[in-house]
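I opened a new page for this structure. My plan was to look up a few things and write each one down.

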Amino acid sequence: MKWITRILAGLSAMAILAGLPIAAVQADDGLVWVRSAHSVANTSERLQAMFKKKGVTLFARVDHAKGAMSVGNDLAPTELLIFGNPKLGTPLMKCQPSVAIDLPQKMLISEDNKGQVWISYNAPAYLAERHQMQGCAPVLKKIATVLETFASKAAAP
């Protein structure tokens, strides 16, 4: 399975470098990256609107750039959304209680040093491997689809 992830990560990295709008699973860190056509603030607002529409609870919106500014430092626009849905999270925790350390879900919206905005989140397959989860494939697949849909719709022009 790791060799497939590495191949996909390599192909996705090449697509990103070529300027194509594609998600990339990074083999070593388990993050999925989706390039956004919007600012950090606008991407964040689009995600939050989708959460509300789908009945997903937004627990927190952390503005890291604002925090940096409060102590006299600069940071490119960077926001973290912490959100979840017990209908999906509870079965994961029943499957493997340690996954609770990675829940609720998080999406980071950040601007890189070239001004490009990215949405990143933990790949559910990475969480399954990290927590050695067995028997949760259907819910993990559903979560992967939901996260991918949220990110791609929020990032789309």
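**Entry 1: ground rules.** I noted that this is a predicted model, in which local features need pLDDT of at least 70, side-chain atom pairs count only at pLDDT 80 or more, and totals for chains, interfaces and linings use all residues. Residues are numbered from 1 along each chain as its sequence is written, and side-chain values use heavy atoms, with hydrogens and water left out.

**Entry 2: the whole chain.** I looked up the secondary structure and found six helices and six strands. Helices (H or I, at least four residues) and strands (E, at least two) are DSSP runs, numbered from the N terminus. Along the sequence the pattern reads α-β-β-α-β-α-β-α-β-β-α-α. The protein chain has 157 residues, of which 36% count as buried; buried means under 20% relative accessible area, exposed over 50%, and partly exposed in between (1.4 Å probe, protein chains only). I also checked contacts (heavy atoms within 4.5 Å). Of those between residues at least 6 apart in sequence, 60% join residues at least 24 apart.

**Entry 3: confidence.** I looked up pLDDT, the predictor's confidence in each residue, from 0 to 100. Its mean for the protein chain is 87, and 82% of the residues reach 70 or more. Over residues 1–18 the value stays under 50, and the model has 17 contacts beyond four places in sequence for them. Where pLDDT is low, the predicted coordinates should not be read in detail.

**Entry 4: helix H2.** The expected span is 1.5 Å times one less than the number of residues. For the 15 residues of H2 that gives 21 Å, and the end C-alpha atoms are 21 Å apart, which agrees. Which residues of H2 are buried? I listed Val40, Thr43, Ser44, Leu47, Gln48, Met50 and Phe51. Seen down the axis, the buried residues of H2 fall within an arc of 160°, so they line one face of the helix. The arc is that of the directions from the helix axis to the C-beta atoms. An α-helix has 3.6 residues a turn, so residues three or four places apart point the same way. On the other side of H2, Lys52 and Lys53 are exposed. The cover over the buried residues of H2 includes S2, S3, S4, S5, S6 and helix H6 (137–155). Just after H2, Gly55 has a positive phi of about 75°.

**Entry 5: His38.** I found His38 in the loop between S2 and H2. Is His38 buried or exposed? His38 counts as buried, at 16% relative accessibility. I then looked for polar contacts (N or O atoms within 3.5 Å, one able to donate a hydrogen and the other to accept it; residues adjacent in sequence count only if both atoms are side-chain atoms). The side chains of His38 and Arg46 are joined by one of 3.4 Å. A polar atom of the His38 side chain also lies 2.5 Å from the backbone oxygen of Ala156.

**Entry 6: aromatic rings.** I looked up aromatic pairs and found three. Rings of Phe, Tyr and Trp (its six-membered ring) pair if their centres lie within 6.5 Å; planes under 30 degrees apart count as stacked, over 60 as edge-to-face and the rest as tilted. Trp33 and Trp118 pair edge-to-face, 6.4 Å centre to centre with 85° between the planes. This pair links distant parts of the chain, with Trp33 in S2 and Trp118 in S6, 85 residues apart. Trp33 is partly exposed at 23%, whereas Trp118 is buried at 10%. I also noted one aromatic cluster formed by Phe51, Phe83 and Phe150.
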